[in-house]
Each structure stands twice: as C-alpha cells, then as structure tokens.
Amino acid sequence: MEHKRKARIAPYPQPAGGLDSLKSTTITLLKEKVPGSRYKTLLHQNQPDGFDCPGCAWPDREHTSTFEFCENGVKAVAAEATSKRIGADFFARHTVAELLEQSDYELEQHGRLTEPLAYDAASDRYLPISWDDAFALIARHLKTLDDPNRASFYVSGRTSNETAFLFQLFVRLYGTNNFPDCSNLCHESSSRALPQTVGVGKATVVLDDFEHADTIMVFGQNPATNHPRMLNELRAAAKRGATIVSINPLKEKGLDRFASPQHPMDLLNGGAEISSLFIRPTLGGDFALIKGVAKRVLELDDAAVAAGERILDIGFLAEHCSGFDAFAADLRAESWPDLAAASGVPYQDIDALARMYAKGKAVIATWGMGLTQHRDSVAAIQMLSNLMMLRGNIGRRGAGLCPVRGHSNVQGDRTMGIEDKPSQAFLDRLAQVYDFEPPRGHGLDAVDTIKAMQYGRVKVFVGLGGNFAMATPDTPRTFEALRNCDLTVQISTKLNRSHLIHGRDALILPTLGRSEIDLQKTGPQGVTVEDSMCMVHLSYGINPPASRQLLSETAITARMAHATLGSGKIDWLSYADDYAKIRDEIAKAVAGFEDFNARVAKPGGFHLTPASRERRWLTPSGKAQFIVNALEKDTPIARARALHGDKLMVLMTARSHDQYNTTIYALDDRYRGVYGQRRVLLINRDDLARLGFADGERVDIFTVWHDGIERRADGFLLVEYDIPRGCLGAYFPETNPLIPLDSVADISNTPTSKSVPVLLRRSAAS
Ligand SMILES: Nc1nc2c(c(=O)[nH]1)N[C@H]1C(S)=C(S)[C@@H](COP(=O)(O)OP(=O)(O)OC[C@H]3O[C@@H](n4cnc5c(=O)[nH]c(N)nc54)[C@H](O)[C@@H]3O)O[C@H]1N2
Ligand SMILES: Nc1nc2c(c(=O)[nH]1)N[C@H]1C(S)=C(S)[C@@H](COP(=O)(O)OP(=O)(O)OC[C@H]3O[C@@H](n4cnc5c(=O)[nH]c(N)nc54)[C@H](O)[C@@H]3O)O[C@H]1N2
Ligand SMILES: [Mo]
C-alpha cells in the first residue's frame, strides 16, 4: 500500500506525541507489511532479553522497565522488519542508470537486500556473486594497492562493538588509520572540544541525573523527532518543577508541550508543559550567546560579592580548575553589543538565561546538531563547558554535560577504535596485545577521504553501513570522488544511493540488522552497544533473518580479514563463530573493558564511567581547563554578507519527522506542518517581504563560496515560518549539494550543515 498524501502546508496545533503518534505507528506497520507475529518485536526493543533500538543513542531506564513507546523507534524497527525484499531478479530488471532516476524515498521502499551482488559494467547491472568470490575480489584489490593508505574504511554508527573492534583490528593490521565515520559528520565537534576542557569527549551524566537536575538547558536539539524518549525524561523533570529551557532558532514541537503516550491523561488534557523559556539565537549564534551568559554570570557574581555571597563555585574553581583568571579577564573585555549582534539574542534574553543558570543548583546542558555543525562549534562547546565549570556543574549529582549522540552505537564504535586520530595509548596497547606495529599517523576522516578519492589518492572505499554518498556534503564532488575509485564496497541492509554511485568494481554485501537472530556455530549471538551516557549492554535479535543468504557484519568483517590477511596471526573465522571470544579480546585491548563478558551479562550492563564524572581530569594541566576563545569577525559568512548585503541568508539543513538521516520513510514533517513533500524552505515573514517573494513561491538556492564552483539546489517551496530573520531551514540530504567540502568546523572538520551562506532566486518554473 503506497501511502501518498497531497502536498500541503498546515500548521500542527497538537502537542508532540499524543494519539497522532499512535496512528502514525499503525500506518508504518501496515505500509512495511510487518507481519502481526513480529509486532512483539517492538515490545522486545530495549528490554534485557531483546535488542537495542537502532533508532537513536538515548539510554533506557535500566533496560528492564516497561516498554517505552517511541513512534520513531517503531519506524526504525519497521524499516528493518519490513516484509519487502529485493534480490537478483529485481536487479536483473533495473539497470543502475534506471535506479539512479528514483528518489531516495523510492529506493528505500524496495525493501531488504537479500544476496551479495557485484556490479557488471557491460550490462550496467548488479549481478549475484558468491560470498567467497566477493571476499576474493576485495582481497585482490587491497593487496594490489601500493600503499594501504590508498584504501579508506567508513563506519556508520549502527555497527556493534564486536564488529567495530574486529574491523579496526583488521584495518590497522592491513596498515592504515583511514577511518572516516558518521561521527565526523555529527558529534565530532563535541569529541574534539571536551577532551581539552574536561579530559573526556563523552557525557558526564547518566539518566538518573535527570531526576535530580533542577535546571536543564537543551541546545540545538529536536527531541520530539530525533530522541523521542528524551521527552519522557524532560516531562518528568518539568512535573517535578525543574526549569527547562530550549536554545534553538526554532520553537520545536515537544519542547513546548508533550503528550506522552505512556500517560493516558496527557492524551486528554493537552499534554505537559516542558520548556518555560525559549532562547532563539541566529544560526551559529551559540558561541556568542554562551559567552554572553558566562560574562553575565561573572557580573552577577560581582554584585553578589558586594552582598557577601557568591554565584561562582569558588571551591570547585580553586580545587579543580585551571585558567580561570585568563578566562574571566577575556569575558570582562568582551563587548556587549558584539555579543548581542553575533548571537542574535537581545541582552534581556541573555540576562534571563544567565539568571536562570545562576539560580540552578544542579544544571544539565544537553546538545545536538544545532551546536556541532558550525564553523566555530568546537569553541561553542568549550564555552558551554566553561559556563558549566563556573558553578561546578560537572561531576556531581543532577548536573553535567550531555552531548546527545545520534546513531545507536556511534559512541561505542569510537570507544572500540574507529578513529582516524587514535591516541598513542590505544595504539600502544594494540601493539602489545597483537604484537605488531600499528600505523601511527593520522588517517583520513570523512571530508578528507572525499578529497583523497577525488584526487585519486584513495582507490578503494569500504562502507560498513551508512550511506556515504548522501550523508556527506558537496554532493556532485562526492559522487565524482566515489566514481573515481577502483572498488567500492557497501555493507548494507537496504538499497541506497551509495550503491548506485560506485567505483569501477562495486559490491553490495547484504547484512543482518540488529533486530534479527544472529545464529553462528556456537549458537545465537548477542552484540554489545554503548549508549549516549556510556552504558554498555547486550542486544539479542529476535526476528528470523530477512534472507538465508545474509551474513552478520561480524562474519563479513572476519571473512574479509581472512581473505586479505590470512589467518596466520589471528584466527579471524573463529571470532565469527563466537562473539564472546571477541569480547575477551576487547577486554585485553581496550581500557575499561576488563572482565567484559561477565560484566555485560548482568541485565542492564555496566557504566563505562568517564573520569570527568568523578572529577578526575585527563587534561594536560590535570585540571578542568578553562579555554579562552575569541569572537571571530572575519568568517566566510561575514565575508559573503559584505558582498551581498542583506540578501545573504544562512541555511540550516536538518531532519524531518519522517526520515532517518538519509533514509526517507515518508514525506511528512507533521510537527512543522509539512505534508507530502520535502523540497520546502522555511523563511521568516519579514524576509519574504524584504526579498520580494511570496509564501508558496518556488526558489532556487545558491551557495556563496569563494572557489568559483556553482552550487545550487532548485525548486524549493517557500514556507512562511517562525524562524529568526536572516535564517532559512530545509531538509537534508536534498540540500547537501549546497555545502562546500571546504566549509567545515575548525579543528573537528565537520561540515557546516547548519550554517551555509546562500542567496535565493525565483525558480524559472514557478
Ligand atoms: N527519527 C530520527 N531519529 C534520529 C535521527 C533521524 O534522522 N531520525 N538521526 C539520528 C542522528 S545520527 C542524530 S545526530 C540525531 C540528530 O538529532 P538533532 O540534533 O535533533 O538533529 P537535527 O534534526 O539536525 O536538528 C537540529 C536542531 O538544532 C536546531 N539548530 C539548527 N541550527 C542551530 C543553531 O545554530 N543553534 C541552535 N541552538 N540550534 C540550532 C534546529 O532548529 C533543530 O531543532 O538524531 C538521531 N535520531
Ligand atoms: N546536510 C546535512 N548532512 C548531514 C547531517 C545534517 O544534519 N545535515 N547529519 C549528519 C549526521 S549527524 C550523520 S550521523 C550522518 C549519517 O550518515 P550515515 O550513517 O552514513 O547515514 P544513514 O542514513 O544513517 O545510513 C543509512 C543506511 O545504512 C544502512 N543500514 C541501516 N541499518 C544497518 C545495519 O544495521 N547495518 C548495516 N551494515 N547497514 C545498515 C542502510 O542500507 C541505510 O540505507 O549524516 C550526516 N549528514
Ligand atoms: Mo548523527
């Protein structure tokens, strides 16, 4: 049943959640033809004897509580549990050129991949290949490269710890640190910022802290869509009387009111109020905003001192911090007009946020992509860390830093060593346990891999999950780069564009999803994952595999390694027989995983406590480090504005309610009132008037960048929306052609997906 709706725009008056969430779930299950016998799958999501939801990295209460309903978790599972299949007959009917004509939404609708396939140039089709031949082809390519650094190995964040560990061991024994991963496009700014301030690039809070916080600041997140279960925590906190503030250019649904499907009364009475304050910076204004709040906190402290009190946590600053004096001096020297202008937040709002923060006795700061995907993201996150340190809001109950990760095991994959800039300590231990000299230099991340493929320096691309062609910026250049490869390999569950944008040789290797039973020689296997708050636990699939020909990601990795390196040094295939053996290896090779099998066998698993949570600071100074960063004025956006005046707009690219990153489940974005379409551009009413456009007109979007390349995306419907002036909102991946490969965050090299300088022109067709 194709579920098509007429394209329309109609503001959504309801709170997030509610009955519409339940309705949407039913539609999803019908559309994917998930058999009734598998509905129970959904009840085993995030249960001690079930599987970890592939939807997001938000943790679960104990992994033992009653089923927590989540509309988008159901979509993620239904997409995997779908009864639709595509095999050799499908690919015999369609050339790659034909499939390229289909939208990402249509590609996703075909269903699960069922057998290994190899590209045949003569017929422009994918043809069946045996698993053995597929691994032999990979080995042949890898062995003929003159330098292992000519291959690059992408990992997306659904991969389990076991597979990730084996994969990085294989790749490092092969000889490279070229590990681009989805994190490079996502929370890399957090992972680079935090080690310099608090020593560890992970959350310092656990779920229980949300029960003890009296103030929660949510920066740049849309939880009703992307982390729906987080709203249950926010709801409980708000009910207890905690103050919640959303810092976001948009007033996102769910952060205002949330009707929890868990609480029937909510469905009747319009839901619970969540945020009491909305602070609405301009796109990329957070650094200036947070710096302003810190400056104001300092001023409030000055005033308090006169009254014999303190706002700053003097004890914490004295015992635990380094660099406070220089930081305070820099704050005092900063100009209020500059901060207000750069943040787009009026002084009164900065003051209100500062007072709220100063009043909080236990404050949690959470953040998502609104904070990580700008040029100055690393500085902004460090400023947030500085702010939290001022009142000792790190490493005590109910308080702390909480980057909210995206993919369900993206954090675990990093812990397992999927990292283009591995620490020497990690490599030393690997060297010692496996008696080899691992590559020591920095490898290529996602953006640098694209450049290297474009210039012919990387010839083999292996993707362990994900959709590299569509998740990355500068689409035409990324396509050119992938097509420039000798071999592209995609290990996937479903068809996506990365299979169609391929190298001279190309393989599609279909794999089991996490909800499926993974039966190996020693019986059904569980895998482990680490959530956003560092809990590590086991996950067991419960559905029969989508096809008998599927191999697990672990088996694919082991057989690829065996074919390429042989099993002299490491008996790869035996690991694929018994994942507990891999966990024993992880226990030897990765710090914090001692006695792994025993600890993870306990229901709920164990917490990988970051040192920062215990107020141990793994920084060079051995203290929580204040970091001074200046407000930059000469930015690409400022330069573009100097050229184009107030015609210049800044574009953010985010997720609709019906997508999972590059996977388009359906064409609605219910909470934002968008139905049946995706090429929409949210714009402020004043900008419409100022630029001479009308609501409902179509425009083409052009990037302003200094390299002379034309970047455009055509035919977007202008939708008048409550978004700050000068800002635009649209969905990715349609807008990725607009993001220049060189437009990246300082230090983290993350594409600036939330701040692209653009101009609009009326579409010829409109
Ligand atoms: N259903 C579903 N769940 C998902 C995903 C999905 O695609 N679908 N993706 C998963 C992944 S990988 C990730 S990383 C997470 C992403 O989850 P989010 O971080 O919520 O991601 P986005 O949809 O990109 O939304 C970013 C939010 O930041 C705001 N924002 C944009 N620019 C700025 C800014 O300059 N400052 C501030 N303060 N805010 C800004 C936007 O208005 C929006 O509300 O979700 C995960 N969960
Ligand atoms: N413009 C713009 N671009 C962005 C972002 C943005 O906000 N704006 N966000 C960025 C972010 S935060 C992220 S994390 C990246 C995401 O980038 P990716 O992780 O590369 O992309 P996904 O869309 O999550 O990958 C979807 C594909 O993964 C495969 N898959 C699904 N489940 C499994 C599994 O269990 N195993 C395997 N092997 N394959 C599986 C399916 O074939 C599916 O087609 O996109 C980034 N790109
Ligand atoms: Mo992400």
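Start by selecting helix 23 (residues 446-454) and helix 25 (residues 475-483): their axes come within 7 Å and cross at roughly 60°. That makes helix 23 oblique to helix 25, where oblique is what remains once angles under 35 degrees (roughly parallel), over 145 (roughly antiparallel) and 65 to 115 (roughly perpendicular) are taken out. Axes are lines fitted to C-alpha atoms over the stretch in contact, with angles from 0 to 180 degrees between N-to-C directions. Helices are DSSP runs (H or I, at least four residues), and strands are E runs of at least two, numbered from the N terminus.

Look along the pair. Helix 23 passes helix 25 in a left-handed crossing: the near helix is turned anticlockwise from the far one by less than a right angle.

This is a predicted model; local features need pLDDT of at least 70, side-chain atom pairs 80 or more, while totals for chains, interfaces and linings use all residues. Residues are numbered from 1 along each chain as its sequence is written.

Now the cavities. The whole structure holds six of 30 Å³ or more. A cavity is a set of points on a 1 Å grid where a 1.4 Å probe fits but cannot get out; lining residues have an atom within 4 Å of a point.

Select Ser21, Phe69, Pro228, Phe258 and Pro261, the nearest to its centre among 15 lining residues. Strand 2 (16-17) and helix 12 (228-240) each give two or more residues to this lining. Helix 12 gives the most, with three.

Finally, colour by domain: domain 1 (4-78) and domain 3 (189-408) each supply at least three lining residues, with bounds from an automatic or database assignment.

Conventions:
Chains are lettered from A and ligands numbered from 1 in the order in which they are written. Side-chain values use heavy atoms; hydrogens and water are left out. On a 1 Å grid over the protein atoms alone, a cavity is a set of points where a 1.4 Å probe fits but cannot get out, and a pocket is an open set with protein on both sides within 12 Å along at least five of seven lines; lining residues have an atom within 4 Å of a point. Grid points are joined across faces, edges and corners, and a volume is the space filled by probe spheres set on the points.
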